[in-house]
Amino acid sequence: MVAKQQELPLPQWGGARAGAGRKRKGARRNVPHRTRAGFSRAALHVTVRLRREVWNLRTHRCFRALRYSFERGCARFGFRLIDFSVQGNHIHFIVEAPDQLALTRAMKGLEVRMARALNRVMHRRGPVFADRYHAHLLRTPTEARHARNYVLSNWRVHAQRDGRPLPRGNDPFSSAGCDPAATCSPRFWMLCVGVWRGPPREREVRASTASQ
């Protein structure tokens, strides 16, 4: 009789299973850790969110620290910060970048500057951002125009959600209402030319109106 070797049950580690993966830090879903898609000479809508313990960003001392960071990090590695909107616990950016590597390097440096500046104001140490930044590639002029309008009027969006009266004028905590030294002028076609072009239907209406 030939003896058979018995199989020993071994603990299983890793792999797909219920409850696996990084846990949420709040009600909002985390930004997936996937390889970011490549691009060339593009405009993007970037959003960063801060941890709950970080002070309200729409205060003069926090905004002053952020603006100082923007001024020193708005143009690096070919990256350019075109517009921004600072809300209570998150910041929207409209940016240009020549490629994904430049965006990653510039955003990493900008986040380090912002974290150090905010920690200095709050007299604390430790992480400031709740998650990695979210970047959305703006592929068409219409999408770029809508994204820019959304960023610059974001304080009205939040006022409407909260049931508050809609504010007028430019948001003082955005690039539309503060020192232009914190931003750069666009150089790529999408934000230089494309964003000012209306959709085909709008152009046809303007052309027909002009001919009458």
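1. Start with histidine 123: its relative accessibility is 74%, so this residue counts as exposed (exposed means over 50% relative accessible area, buried under 20%, and partly exposed in between, with a 1.4 Å probe and protein chains only). You'll find histidine 123 in the loop between helix 2 and strand 5 (134–138). Its phi is near 55°, a positive value in a residue other than glycine.

2. A word on what you're looking at. This is a predicted model, where local features need pLDDT of at least 70 and side-chain atom pairs count only at pLDDT 80 or more, while totals for chains, interfaces and linings use all residues. Residues are numbered from 1 along each chain as its sequence is written, and side-chain values use heavy atoms, leaving out hydrogens and water.

3. Now the overall layout. The protein chain has 6 helices and 5 strands (DSSP runs numbered from the N terminus: helices are H or I with at least four residues, strands are E with at least two). Along the sequence, the pattern reads β-α-β-β-β-α-β-α-α-α-α. The protein chain has 212 residues, and 39% of them count as buried.

4. On to the inside. The largest nonpolar core has 37 residues, and Phe70, Phe93 and Leu103 touch the most other members (such a core is a set of buried Ala, Val, Leu, Ile, Met, Phe, Trp, Tyr and Cys residues joined through side-chain atoms within 4.5 Å). Strand 1 (42–49), helix 1 (60–73), strand 3 (79–86), strand 4 (90–97) and helix 2 each give this core at least two residues. Helix 2 supplies the largest share, 8 residues.

5. Arg76, Arg105, Arg113, Arg116 and Arg120 form a positive surface patch (patch residues have over 30% relative accessible area and no salt bridge; like charges are joined within 9 Å, nonpolar side chains (Val, Leu, Ile, Met, Phe, Trp, Tyr) within 5 Å). A salt bridge here is a side-chain nitrogen of Lys or Arg within 4 Å of a carboxyl oxygen of Asp or Glu. Helix 2 (residues 100–122) gives the patch its largest share, 4 residues. Arginine 116 sits in helix 2 and is exposed, because its relative accessible area is 57%.

6. Is phenylalanine 77 exposed or partly exposed? Partly exposed, because its relative accessibility is 36%.

Methods:
Areas by Shrake-Rupley, 256 points an atom, 1.4 Å probe, with all protein chains shown as cover. Lys, Arg positive; Asp, Glu negative; His and termini not counted. Charge placed at Lys NZ, Arg CZ, Asp CG, Glu CD.
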